[in-house]
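User: Hello! I am new to this structure. Could you give me some bearings and then take a close look at a single part of the inside?

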Amino acid sequence: MIRAFCVFLHRWLGLATAAFLIVVGLSGSILAFLPELDRWITPQFHLGSISGAELGAAELIRRAEALAPGARATSVELGNGDAVTVRMQPRPDAAGPASFNQLFLHPITGEELGRRLAGPLPDRLDALLPFIYRLHYSLALGSLGSWTLGIVALLWTFDCFIAFFLTLPASASTSSSQKGWLRRWKPAWLIKWRASFYRVNFDIHRATGLWLWAALLIFAWSSVYMDLNGVYTAATRTLFALEQSYWFRVNDSASVGEPMDWVAAQTVAERIAADAVTDHGFAIDRVIYFGLDRDNHLFEYRVHSSRDIGEKSGQTFFWFDASTGALLSMILPTGHRVGNTLTTWLVELHEANVFGLPYKIFVCVLGLAIAALSVTGVYMWWKKRQARRIRKARGAPAGAAPEATDVE
């Protein structure tokens, strides 16, 4: 009875999430090599090895706003040795829609290297990867897409456990030896290539999901963190200490007034980071990101530190009030709160930011496998549905078994 109910859940959860997982699987396979593909598509934005003193974040923002008087900066991304990316938005009094939202600057000279409109349907090759990124994280639908994928990720996480249960031997008895139980489980890990097409399809679905089960669960649960963070936070806090990112909450203590200018904000950010280094005993390698969230009236300052496990982007965060400079929150990626350490590992594994090229290849293949699992699952449902219709047309008993029912 329990097994039949789990089969029912697995079937309909799989059908409900299949189309979404095909999209995120295929797009995620591409994004595993996002930096490399971006260098290939937009070589003008990637300078390679450069030497010299790089300009500070505030100065780069000043130069960007001077180059585009009708726009104002929201953030600057730096620290990777390539062109600096300044994200821009139209000023409140600007006329007409923005023709770009990313401005690329040379990190040493501050000269402009190019502009890009990232987000809408791509009409140029340089906008393709930003669109795939938005497709992967929000179906390119903004908050509605993020909520949708968050629910899909939660269902996917739940279905991971159901699918694992269904691979276990159905007829294990208390009198069976441990060796006998393992022997009965062994076929679930194998593919019978000489069987019927349906059986091979099922074996691929079951064995692939079993071999990759831990990775699938990691990517499912980390997707809940990214798109349904309230659920992730509530669940994690039941077991571990966790500081929630300000990405996912409103600054309830925001002061009233105009944000301080970028130079003053950079001074505050550097002081806050220096105090954290003294108090918590770590070292800062480089600044990764500096941004202003005008809606929540706070600055975000992100660095790569000795507490980071990621090879490129950093997960050491500081948020402070945009007017008073008061520290609102700090997240150290490891060694501070257990929940944040676990979250850091989830994020870095999801974004293929650890273990070098071999892991990037694995994530790329995993994305294809996620799509394949969805396709094979839908195929099995369709074949069984077709078989039931044939049996009904022939007047077979309603409870007659379809082909290969032992592989449900």
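Analyst: Happy to. Let's start with charge: the protein has 38 positive and 34 negative charges, and their mean positions lie 18 Å apart (Lys and Arg count as positive, Asp and Glu as negative, with His and the chain ends not counted; each charge is placed at NZ of Lys, CZ of Arg, CG of Asp or CD of Glu). This is a predicted model, in which local features need pLDDT of at least 70 and side-chain atom pairs count only at 80 or more, while totals for chains, interfaces and linings use all residues. Residues are numbered from 1 along each chain as its sequence is written, and side-chain values use heavy atoms, without hydrogens or water.

Now for the overall build. Twelve helices and eight strands make up the list of elements in the protein (DSSP runs numbered from the N terminus, H or I of at least four residues for helices, E of at least two for strands). Its C-alpha trace spans about 75 × 45 × 40 Å along the principal axes. Of the 408 residues, 45% are buried (under 20% relative accessible area with a 1.4 Å probe, protein chains only; exposed is over 50%, partly exposed in between).

A search of the whole structure turns up two cavities of 30 Å³ or more (sets of points on a 1 Å grid over the protein atoms alone where a 1.4 Å probe fits but cannot get out, joined across faces, edges and corners).

S222 is buried, with a relative accessible area of 0%. Setting aside neighbours within four places in sequence, S222 is in contact with L346 and H350 (heavy atoms within 4.5 Å). D293, 71 residues away along the chain, has its C-alpha 24 Å from that of S222.

For a contrasting setting, P122 sits in the loop between β4 (112-116) and α4 (128-138). P122 is partly exposed, at 30% relative accessible area. Beyond its neighbours within four places, P122 is in contact with A127, L128 and F131.

Definitions and conventions:
1 Å grid on protein atoms, 1.4 Å probe; cavity = no way out; pocket = protein on both sides within 12 Å on 5 of 7 lines; lining within 4 Å.
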